[in-house]
Amino acid sequence: MEIRRKDRILDDKRAIELLQTAEYGFLSLGESEDGYAYGIPISFAYNLEDNALYFHCAPEGHKLENMKRNNKVSFCVVGNTQVLSKKFTTLYESVIVFGKADVHPSEEDKWFALRKLIEKYCPNDLETGEQYIRTSIHRTHTFKITIERMTAKAKAQEINR
């Protein structure tokens with residue numbers, strides 16, 4: 001899918017910054033058994049080296065079942081926003097990635113994903129985070145989205161970073 005407003009395409013450098021720094025994003029999954037699409041806010045970590053997103057979740061549930069049925073997903077993060085009420089518009093930055101979810105991680109992949117999440121969300125507690133992983137890895141599931149394509153756009157000429 002091509003971005004209609006070419007003047008709003010966000011450069012790759014800023015798109016990657018958003019993937020590295022956004023606190024959370026919205027995971028969108030295909031049609032569930034009940035016929036509804038499923039989207040959820042979720043924390044994540046981006047890894048530049050393999051251009052992939054990493055997540056953790058419970059070892060069972062609607063999200064995993066849906067991805068096992070159809071592993072094509074999209075994930076959206078929103079950066080800075082600013083409502084300009086007198087102009088009836090909003091300035092924004094956003095990135096949408098499209099890819100396939102791998103919901104069958106090896107033990108090594110699980111460790112990698114959990115370490116990336118600890119590095120992002122708890123950078124001052126890496127040692128404690130390693131201990132936490134050791135005690136909770138058996139009750140935690142992870143999955144990875146390998147990014148196949150990405151779109152990023154902004155209406156951000158006045159946003160303060």
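**Exercise 1. Find which element supplies the largest share of the lining of the largest pocket, and say what else is known about that pocket.**

Start with the share itself: helix α3 gives four residues to the lining, the largest contribution. Keep in mind that you're looking at a predicted model.

Next, check who else joins in. β4, α3 and α4 (126-136) each provide at least two lining residues.

Now take the whole lining. It has 13 residues, and those nearest the centre of the pocket are His-56, Leu-114, Leu-117, Ile-118 and Tyr-132.

Finally, the volume: the largest pocket comes to about 220 Å³.

**Exercise 2. Work out where the partners of the salt bridge between Lys-116 and Glu-119 lie, and whether each is buried or partly exposed.**

First, confirm the contact. The side chains of Lys-116 and Glu-119 come together with N and O 3.6 Å apart, which is a salt bridge because the cut-off is 4 Å.

Then place the pair. Both sit in helix α3 (residues 107-121), three residues apart, or about one turn of the helix.

Last, look at accessibility. Lys-116 has 18% relative accessibility, so it counts as buried, the limit being under 20%. Glu-119, at 41%, is partly exposed.

**Exercise 3. Which parts of the chain does the salt bridge between Asp-50 and Lys-144 link?**

Begin with the contact: these two side chains form a salt bridge at 3.4 Å, N to O.

Now trace each end. Asp-50 is in the loop between β3 (45-47) and β4 (52-57), while Lys-144 is in strand β7 (residues 141-155).

**Exercise 4. How many salt bridges does the structure hold, and which residues are linked in a network?**

The count is eight. As for the network, Arg-14, Glu-17 and Glu-93 are the residues joined by salt bridges there.

Note on methods
Residues are numbered from 1 along each chain as its sequence is written. This is a predicted model: local features need pLDDT of at least 70, side-chain atom pairs count only at pLDDT 80 or more; totals for chains, interfaces and linings use all residues. Side-chain values use heavy atoms; hydrogens and water are left out. Buried means under 20% relative accessible area, exposed over 50%, partly exposed in between (1.4 Å probe, protein chains only). On a 1 Å grid over the protein atoms alone, a cavity is a set of points where a 1.4 Å probe fits but cannot get out, and a pocket is an open set with protein on both sides within 12 Å along at least five of seven lines; lining residues have an atom within 4 Å of a point. Grid points are joined across faces, edges and corners, and a volume is the space filled by probe spheres set on the points.
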